Amino acid sequence: PEDLRFEVSGANLPHFYALSLDQPAGIAVDNIAWRGSRGAEFTKIEQQVLTRFFRQLNVKLIIFQFGVNVVPHVVKSYDFYERQLIRQLQYLKQAAGEIPVLVVGVSDMSRKVNGWYESYPNITKIRDAQRNAAFKSNCAFWDMYEAMGGHNSMPAWVFAEPSLARKDFTHFNFRGASLIAQMLYNAIMNEYAKYNSGKAE
């Protein structure tokens with residue numbers, strides 16, 4: 001249907017947090033799209049509410065991906081960011097119980113320097129903070145920065161034919177997002193195959 005309308009009446013109206021229209025079978029992907037966030041808001045959600053959501057939706061994997069909004073704020077140390085992420089990830093892990101959490105690291109992001117686009121100098125520090133936080137919180141980590149080519153890789157995605165990223169040199173376009181998603185899927189399935197064969201690290 002193109003239009004849906006829900007009407008509720010009663011003396012005490014319920015609180016609505018979300019509406020799930022997922023199919024009863026198969027894989028569903030739900031996205032919490034916090035634009036402009038660095039991923040530090042999960043502790044503002046009541047933990048018991050999160051736990052109920054995870055159980056009711058039968059969540060099997062949580063993919064935690066933030067960081068690109070931290071990049072423009074270049075500072076000497078990102079220890080503060082690592083501590084923030086540890087707090088968020090541990091809070092999520094407590095709410096999620098046995099549900100695994102995968103942290104996806106920051107992507108490359110470019111700025112113009114002397115007429116050409118170069119990676120921000122702090123990206124590896126942010127990536128390292130994310131990886132440290134993931135491991136200290138018993139989460140998995142996938143290095144998207146290295147997967148897409150590492151230092152100065154974003155221009156190659158922007159100028160690819162057809163283009164894989166937007167001309168803000170920050171965000172993937174639909175084709176690029178599909179490609180990076182396939183790369184993540186391949187990485188997960190590769191580790192899954194290693195695990196089943198007893199060769200996992």
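Student: What makes the group of Leu61, Ile63, Tyr185, Ile188, Met189 and Tyr192 a nonpolar surface patch?

Tutor: Keep in mind that this is a predicted model. Leu61, Ile63, Tyr185, Ile188, Met189 and Tyr192 together make a nonpolar surface patch of about 560 Å², and a residue may join such a patch because it has over 30% relative accessible area and no salt bridge, with nonpolar side chains joined within 5 Å. Helix α6, residues 174-197, gives the most to the nonpolar patch, with 4 residues.

Student: Why is Tyr185 called partly exposed?

Tutor: Tyr185, which lies in helix α6, has a relative accessible area of 47%. Buried means under 20% and exposed means over 50%, so a value in between is called partly exposed, and Tyr185 is therefore partly exposed.

Student: Why does Arg127 count as buried?

Tutor: Arg127 has 8% relative accessibility, and because buried means under 20%, Arg127 counts as buried. Arg127 lies in helix α3, residues 123-136, and, not counting residues up to four places away in sequence, Arg127 touches Val106, Phe141, Asp143, Tyr145 and Glu146.

Student: How do you know whether Cys139 is buried or exposed?

Tutor: The relative accessible area of Cys139 is 7%, and since the limit for buried is under 20%, the conclusion is that Cys139 is buried. Cys139 lies in the loop between α3 and β5, the latter covering residues 140-142. Leaving aside neighbours within four places in sequence, Cys139 is in contact with Leu89, Lys93, Val101, Val103 and Ala134. Cys139 and Ile126 are 13 residues apart in sequence, and their C-alpha atoms are 17 Å apart in space.

Student: And why is Asn114 called exposed?

Tutor: Asn114 has a relative accessible area of 80%, and because exposed means over 50%, Asn114 is called exposed. The place of Asn114 is in the loop between β3 (110-113) and β4 (116-119).

Student: What makes the phi of Asn114 worth a remark?

Tutor: Asn114 has a positive phi of about 55° although it is not a glycine. Most residues other than glycine have a negative phi. Asn58 also has a positive phi, near 55°, and is likewise a residue other than glycine; Asn58 lies in the loop between α1 and β1.

Student: How do you know which kind of peptide bond joins Glu161 to Pro162?

Tutor: The peptide bond from Glu161 to Pro162 has omega near -5° and is cis, whereas most peptide bonds are trans. Pro162 lies in the loop between α5 (154-158) and α6.

Student: What is a nonpolar core here, and which residues have the most contacts inside the largest one?

Tutor: Residues are counted in a nonpolar core because they are buried, belong to a nonpolar set of residue types, and are joined through side-chain atoms within 4.5 Å. The largest nonpolar core has 31 residues, and those with the most contacts inside it are Phe54 and Phe64. The elements that give two or more residues to this core are α1 (47-56), β1 (62-65), α2 (79-96), β2 (101-104) and α3, and α2 gives the most, with 8 residues. A second, separate core of 15 residues includes Val158, Leu164, Ala165 and Leu184.

Student: Which residues does Phe54 touch?

Tutor: Not counting residues up to four places away in sequence, Phe54 touches Val59, Ile62, Leu92, Ala95, Ala96 and Ile99.

Student: How many helices and strands does the protein chain have in total?

Tutor: The protein chain has 6 helices and 5 strands, and buried residues make up 36% of its 201 residues.

How values were computed
Residues numbered from 1 in each chain as written. Predicted model: local features only at pLDDT ≥ 70, side-chain atom pairs only at ≥ 80, totals over all residues. Heavy atoms only, no water. Buried < 20%, exposed > 50% of the residue type's maximum accessible area, 1.4 Å probe, protein only. Contact = heavy atoms within 4.5 Å. Patch = residues over 30% accessible without salt bridge, like charges linked within 9 Å, V, L, I, M, F, W, Y side chains within 5 Å. Areas by Shrake-Rupley, 256 points an atom, 1.4 Å probe, with all protein chains shown as cover. Salt bridge = Lys/Arg side-chain N within 4 Å of Asp/Glu carboxyl O.
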